[in-house]
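Here is a short briefing on charged side-chain pairs. Keep the sequence and the structure open while you read.

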Amino acid sequence: MRGGFVLAACALALIGPGAGGARAAMQRPTVFVAPFDLFDTAADQRPAIVADQHLWLRDAAARIRADLDRAGPARAIGTGETLARMKRIDADYDHPSTCASCLVAAARQAGAGFLFVGTLHRVSDLIVYMKAYLLDVRSGQELMARTFEVKSDDQLMLDRAADRMAAAVETHLKR
């Protein structure tokens with residue numbers, strides 16, 4: 001009987017007012033991964049190439065969200081919620097990255113503590129730069145600015161760059 005009492009007391013201690021602090025300490029930081037922007041200075045603008053670029057933009061953000069969600073130190077706001085928050089912004093600007101305060105507001109509304117903004121810069125058929133920064137939503141402080149050079153404009157290489165970018169975000173959030 002005494003063992004049951006001890007278990008009940010432990011359960012009550014977890015449910016009690018101090019439990020919120022313990023749960024908060026265990027929560028992973030939440031990142032709002034904004035849709036990627038494209039800056040294309042390559043000469044090849046064939047419709048199939050442009051269509052591939054739009055897939056890269058969507059896939060890069062989705063890949064980073066998935067990477068962050070794999071039991072790492074951070075968690076990403078889901079794609080559906082992100083796109084819902086972006087609808088208001090998309091109607092007013094060429095691309096949301098032109099309005100950092102709009103992105104910060106969207107991240108806050110989604111309950112995120114951090115904002116990730118990325119850009120793909122396609123220089124040529126063989127060189128693409130993946131650039132991004134990570135911002136603390138509360139303080140406005142930039143925590144990370146990274147650029148990775150991708151030596152091919154194919155999906156595999158862009159996936160690898162997205163994986164490296166997600167790892168860089170996690171490294172900065174562990175600090």
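A residue counts as exposed when its relative accessible area is over 50%, as buried when under 20%, and as partly exposed in between. The model is predicted. Its count of salt bridges comes to 8.

**Lys151 and Glu149**
- Lys151 has a relative accessibility of 53%, so this residue counts as exposed.
- Its partner in a salt bridge is Glu149, with N and O 3.0 Å apart.
- Glu149 is partly exposed, at 36% relative accessibility.

**Arg58 and Asp59**
- A salt bridge joins Arg58 to Asp59.
- The closest N and O atoms of this pair are 3.0 Å apart.
- Arg58 is exposed, at 52% relative accessibility.
- Asp59 is partly exposed, with a relative accessible area of 22%.

**Arg85 and Glu81, in helix H4**
- Arg85 and Glu81 form a salt bridge through their side chains, at 3.0 Å from N to O.
- Both residues lie in helix H4, which covers residues 79–90.
- They are 4 residues apart in this helix, so about one helical turn separates them.
- Arg85 is partly exposed, at 22% relative accessibility.
- Glu81 is partly exposed too, with a relative accessible area of 34%.

**A network**
- Which residues are linked with Arg63 in a network of salt bridges?
- Asp159 and Asp163 are linked with Arg63 in this network.

Definitions and conventions:
Residues are numbered from 1 along each chain as its sequence is written. This is a predicted model: local features need pLDDT of at least 70, side-chain atom pairs count only at pLDDT 80 or more; totals for chains, interfaces and linings use all residues. Side-chain values use heavy atoms; hydrogens and water are left out. A salt bridge is a side-chain nitrogen of Lys or Arg within 4 Å of a carboxyl oxygen of Asp or Glu. Buried means under 20% relative accessible area, exposed over 50%, partly exposed in between (1.4 Å probe, protein chains only). Helices (H or I, at least four residues) and strands (E, at least two) are DSSP runs, numbered from the N terminus.
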